[in-house]
Amino acid sequence: MKDLALRAVRGAGGEEVEVKFGHNCWKHDQDLVIRYTGVSRFVIEPAGATGADLGTVVLDEILPHGDGCSHEIACWEGTLTVVCRDLRATWTETDCSGRS
């Protein structure tokens, strides 16, 4: 996920959350969508930020948790943490034909 740009968060505060990441043609030729189910904790820092405010992913880590798993995503401008029962990642093709 490193160098993907966090683009949008849908469903924050609910039991199902979707996070969209945009590609970087120099390193990735696909976008990523992660769907979290059974969300018991959702935190964006700094408080009040939206997903798009966080910028590019620096690192991410998925760890076991009593509620399922914990996924922390560190970006240049902040962090996103989701504790959930399960998650599903889907990669989708994008057009990087313009890169030289």
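**Exercise 1. State the accessible surface of the chain and the share that belongs to carbon and sulfur atoms.**

Step 1. The accessible surface of the chain is about 5,900 Å². Areas of this kind come from the Shrake-Rupley method with a 1.4 Å probe, and for residues only the protein chains shown count as cover.

Step 2. Carbon and sulfur atoms hold 48% of this surface.

Step 3. Of the 100 residues, 36% count as buried. Buried means under 20% relative accessible area, exposed means over 50%, and partly exposed lies in between (1.4 Å probe, protein chains only).

Step 4. The basis of these values is as follows. This is a predicted model, in which local features need pLDDT of at least 70 and side-chain atom pairs count only at pLDDT 80 or more, while totals for chains, interfaces and linings use all residues. Residues are numbered from 1 along each chain as its sequence is written, and side-chain values use heavy atoms, with hydrogens and water left out.

**Exercise 2. Describe the secondary structure and the overall dimensions of the chain.**

Step 1. The chain has 0 helices and 8 strands. Both are DSSP runs numbered from the N terminus: helices are H or I with at least four residues, strands are E with at least two.

Step 2. Read from the N terminus, the order of elements is β-β-β-β-β-β-β-β. The radius of gyration is 13 Å, close to the 13 Å that the globule rule gives for 100 residues, so the chain is as compact as a globular protein of that length. The radius is taken over C-alpha atoms, and the rule is 2.2 Å times the number of residues to the power 0.38.

Step 3. The C-alpha trace spans about 45 × 25 × 20 Å along its principal axes.

Step 4. Of the contacts between residues at least 6 apart in sequence, 52% join residues at least 24 apart. A contact means heavy atoms within 4.5 Å.

**Exercise 3. Find the salt bridges that involve Glu-18 and place its partners.**

Step 1. The whole structure contains 4 salt bridges. The criterion is a side-chain nitrogen of Lys or Arg within 4 Å of a carboxyl oxygen of Asp or Glu.

Step 2. Glu-18 is buried, at 10% relative accessible area. Glu-18 pairs with Arg-10, with the closest N and O atoms 3.4 Å apart.

Step 3. Glu-18 also pairs with Arg-35, where the closest N and O atoms are 3.0 Å apart. This pair links distant parts of the chain, since Arg-35 lies in strand S3 (residues 30–37) and Glu-18 in strand S2 (residues 16–22), 17 residues apart. Arg-35 is partly exposed, at 39% relative accessibility.

Step 4. A network of salt bridges links Arg-10, Glu-18, Lys-20 and Arg-35.

**Exercise 4. Describe the salt bridge between Asp-3 and Lys-2.**

Step 1. The N to O distance between the two side chains is 3.9 Å.

Step 2. Asp-3 is buried at 16% relative accessible area, whereas Lys-2 is partly exposed at 47%.

**Exercise 5. Locate Gly-13 and Glu-16 and list what Glu-16 touches.**

Step 1. Gly-13 sits in the loop between strand S1 (5–10) and S2 and is exposed, with 75% relative accessibility. Its C-alpha is 6.7 Å from that of Phe-42, a residue 29 places away in sequence.

Step 2. Glu-16 belongs to strand S2 and is exposed at 60% relative accessible area.

Step 3. Leaving out residues up to four places away in sequence, Glu-16 touches Arg-10, Gly-11, Tyr-36 and Thr-37.

Step 4. Glu-16 and Asp-86 are 70 residues apart along the chain, and their C-alpha atoms are separated by 9.9 Å.
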